[in-house]
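User: I want to learn how to read a few features of a protein model. Can we take them one at a time?

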Amino acid sequence: MSPNETRPETELQLSPRWDAMGLITAVAADAASGEVLMVAHMNADALAATIATGEAHYWSRSRRQLWHKGATSGNTQRVVEMRIDCDQDAILLKVEPAGPACHTGERSCFYRIIGPNGLVTSNQGNPA
């Protein structure tokens with residue numbers, strides 16, 4: 001690499017590394033607390049819609065369609081900041097959630113703790 005070339009890890013051009021299905025992993029975290037709310041996937045259209053609207057859009061792998069988070073439930077996610085990792089194969093969305101992130105009604109999709117005796121919900125206390 002010549003001195004005038006930039007390394008892919010440090011360049012400032014958005015060049016997502018889509019997987020074989022045209023998707024990239026997207027992690028949504030609460031902008032205020034840092035709590036991880038959910039993990040989903042985005043395709044190019046979801047990323048573009050998120051950038052354009054300031055609200056989180058994802059690609060639903062099960063429904064095979066663009067998904068505006070909260071469009072039917074009202075539990076939208078206003079994007080405060082978006083980051084991409086050094087390899088440009090994962091996106092972090094710092095969001096202000098308008099309600100629960102999980103379809104179960106839980107604030108976060110990560111509400112179960114893996115302990116030595118199996119799973120417990122986070123409101124049951126730490127099993128460790």
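Analyst: Start with a charge over a ring. The term applies if NZ of Lys or CZ of Arg is within 6 Å of the ring centre and within 35 degrees of the ring normal. The model here is predicted. In this model, Arg63 lies over the face of Trp67, at 5.8 Å from the ring centre.

User: Is Trp67 buried, exposed or partly exposed, and why?

Analyst: Partly exposed means between two limits: under 20% relative accessible area is buried, over 50% is exposed. Trp67 has 25% relative accessibility, so it counts as partly exposed.

User: How many aromatic pairs are there in the whole structure?

Analyst: A search of the whole structure gives 1 aromatic pair. The partners are Tyr58 and Trp67, with ring centres 5.3 Å apart.

User: Why is the pair of Tyr58 and Trp67 called tilted?

Analyst: Look at the angle between the planes. Under 30 degrees counts as stacked, over 60 as edge-to-face, and the rest as tilted. The planes of Tyr58 and Trp67 are at 50 degrees, so this pair is tilted. Tyr58 has a relative accessible area of 0%, so it is buried.

User: Now the overall layout. How many helices and strands does the protein have?

Analyst: The protein has 1 helix and 8 strands. From the N terminus on, the order is β-β-α-β-β-β-β-β-β. Of its 128 residues, 28% count as buried. The accessible surface comes to about 8200 Å², and 50% of that belongs to carbon and sulfur atoms.

User: What share of the contacts joins residues at least 24 apart in sequence?

Analyst: Take contacts between residues at least 6 apart in sequence. Among these, 40% join residues at least 24 apart.

User: How do I read a sheet?

Analyst: Begin with the pairing. Strands of a sheet pair through backbone hydrogen bonds, either parallel or antiparallel.

User: In which sense do β1 and β6 pair?

Analyst: Strand β1 (residues 24-30) pairs with β6 in the parallel sense, over 6 bridges.

User: Where does Gln77 sit, and is it buried or exposed?

Analyst: Gln77 belongs to strand β5 (residues 77-84). Its relative accessible area is 0%, so Gln77 is buried.

User: Which residues is Gln77 in contact with?

Analyst: Leave aside neighbours within four places in sequence. The contacts of Gln77 then include Ala28, Met38, Tyr58, Lys69 and Val95. Glu55 and Glu96 are also among them.

Note on methods:
Residues are numbered from 1 along each chain as its sequence is written. This is a predicted model: local features need pLDDT of at least 70, side-chain atom pairs count only at pLDDT 80 or more; totals for chains, interfaces and linings use all residues. Side-chain values use heavy atoms; hydrogens and water are left out. Helices (H or I, at least four residues) and strands (E, at least two) are DSSP runs, numbered from the N terminus. Buried means under 20% relative accessible area, exposed over 50%, partly exposed in between (1.4 Å probe, protein chains only). Contact means heavy atoms within 4.5 Å. Two strands pair if DSSP finds at least two bridges between them. Rings of Phe, Tyr and Trp (its six-membered ring) pair if their centres lie within 6.5 Å; planes under 30 degrees apart count as stacked, over 60 as edge-to-face and the rest as tilted. Accessible areas come from the Shrake-Rupley method with a 1.4 Å probe; for residues, only the protein chains shown count as cover.
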